[in-house]
Amino acid sequence: MFGIEAFSGERGREGSAVKDPTAVERANLLNMAKLSIKGLIESALSFGRTLDSDYPPLQQFFVVMEHCLKHGLKVRKSFLSYNKTIWGPLELVEKLYPEAEEIAASVRDLPGLKTPLGRARAWLRLALMQKKMADYLRCLIIQRDLLSEFYEYHALMMEEEGAVIVGLLVGLNVIDANLCVKGEDLDSQVGVIDFSVYLKSDDDIGGKERDVQIAAILDQKNYVEELNRQLNSTVSSLHARVDSLEKSNTKLIEELAIAKNNIIKLQEENHQLRSENTLILMKTQHHLEATKVDVEAELQTYKHSRQGLDEMYSEARRQLREESQLRQDMENELVVQVSMKHEIELAMKLLEKDIHEKQDTLIGLRQQLDEVKAINMEMYQKLQVSEDAMKEKSEIISRLEDKTNQINAAMKQLEQSDKDLLTQTRTIAMSFVKCASNEAQHQYKLVKDISF
């Protein structure tokens, strides 16, 4: 703010009356914003291509906007230091303008930003690239009760100069900027306004007419863009309203059709009840007419007897009361019959539902029974197979027992024949001993071994 204060001091000494320093500061900031925005638009149009972060007029524009947003900002005390930053009011925009939530989330997700001032600078750059800076700040200056938490009452954002600057920012929508915010060091930048960019010599005075024409063209273009934006928003709102009206109309048509069907049903029931009531009335009137004829006949017959006439008259009145009571009873019975009909229909529906449920249960039980039958058939087949195998094994065992008995008998026969053979051998040996007692000793041993 050093250059701005010096510039405001020079402007203040030119006037004879003493002005409010804050008003002079707001006027100086407004003039600087006008010069910055005008110079940026003119240079961008002459430049003819997308602007980047190194473009000097764009850098000066961000510095001027930072000074405008800092003017009259309240100082918030903390335990360690005093905090005075513009990130607070800018962060409030996402609550007032739902489309600003994306830009605020992008600023918070940037890894290189550590200070609130760096986040505010990144927010300004992203808003310029989106061409929504004027819209964001417009919804912010409207809420002055919320801005009073961040700014003093004499701040630029709280006065008319803020609205003028926001109106000038609409002209920046003609600029296309491509700013690399992620790799730029926004925390440690020093924002100093370079007045040499805006000071013009006498040679530049001749180009005022061209500047006026360009400004008029840009104003017209900005007006057309703003009007087009408002018309687009109006058309979109009208489309949404038409869609909602069409939906509500279809719903009303459906409800009307349902109501008409109900009315038709009620009319039919009413017609039926009226016909029944008319029939009852006709019967009653016929009966009354017959009664009336009888009464007249009785009156003519017993004209001379007043007592008989009174009795007949009382009898007719009694019959009339009975017929009226009978008619009332018939109507009550008709109402009861209608209610019973509704109850019977409800009971039939419940009975049909119960029958369907029981049929489903019966189908499930049949399926389970079929499964159990299949399992029993499979077990029966396995049992028959196992019984056949047991029969075969028992036959094999009986055969083996027969063979074992045969082998035992053969063994016994062999033992008996062995015994007989041994007896014969001994007999032969003894006969040899007796006959050849003079033979050699080794023959005797052989005979002895054989006998053994």
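**Entry 1: the whole chain.** I began with the overall picture: the protein chain has 13 helices and 2 strands. I took these as DSSP runs numbered from the N terminus, with helices (H or I) of at least four residues and strands (E) of at least two. I noted that this is a predicted model, where local features need pLDDT of at least 70, side-chain atom pairs count only at pLDDT 80 or more, and totals for chains, interfaces and linings use all residues. Residues are numbered from 1 along each chain as its sequence is written, and side-chain values use heavy atoms, with hydrogens and water left out.

Next I looked up burial: of the 452 residues of the protein chain, 23% count as buried. Buried means under 20% relative accessible area, exposed means over 50%, and partly exposed is in between (1.4 Å probe, protein chains only). Then I turned to contacts, meaning heavy atoms within 4.5 Å. Among contacts in the protein chain with a separation of 6 or more, 74% come from residues 24 or more positions apart.

**Entry 2: α2 and α3.** I looked at helix α2 (residues 21-47) beside helix α3 (residues 56-70): their axes are 9 Å apart and the packing angle is about 155°. Axes are lines fitted to C-alpha atoms, for helices over the stretch in contact, and angles run from 0 to 180 degrees between N-to-C directions. That angle makes α2 roughly antiparallel to α3. The cut-offs I used are under 35 degrees for roughly parallel, over 145 for roughly antiparallel, 65 to 115 for roughly perpendicular, and oblique for the rest.

Which residues make the contact? From α2 I listed L29, M32, A33, S36, I37, L40 and S43, and from α3 P57, L58, Q60, F61, V64, H67 and C68. These residues divide into 10 nonpolar, 4 polar and no charged. For the classes, Ala, Val, Leu, Ile, Met, Phe, Trp, Tyr, Cys and Pro count as nonpolar, Asp, Glu, Lys and Arg as charged, and the others, Gly among them, as polar.

I also checked T22, which is found in helix α2. T22 counts as buried at 17% relative accessibility. Leaving out residues up to four places away in sequence, T22 touches H71 and H154.

**Entry 3: α3 and α7.** Here the axes come within 11 Å and cross at roughly 120°, so α3 and α7 are oblique to each other. L58, F62, E66, L69 and K70 in α3 meet L117, R121, L124, R125 and L128 in α7. By class I found 6 nonpolar, no polar and 4 charged residues in the contact of α3 with α7.

**Entry 4: the rings.** Rings of Phe, Tyr and Trp (its six-membered ring) pair if their centres lie within 6.5 Å; planes under 30 degrees apart count as stacked, over 60 as edge-to-face and the rest as tilted.

Y97 and Y136 have ring centres 5.3 Å apart and planes at 75°, so I noted the pair as edge-to-face. Y97 lies in the loop between α5 (93-96) and α6 (101-109) and Y136 in helix α8 (residues 133-142), so this pair ties together parts 39 residues apart in sequence.

How is the pair of W123 and Y136 arranged? It is tilted, at 5.7 Å centre to centre with 45° between the planes. W123 lies in helix α7 (residues 116-130) and Y136 in helix α8, so the pair ties together parts 13 residues apart in sequence. Both W123 and Y136 are buried, Y136 with a relative accessible area of 1%.
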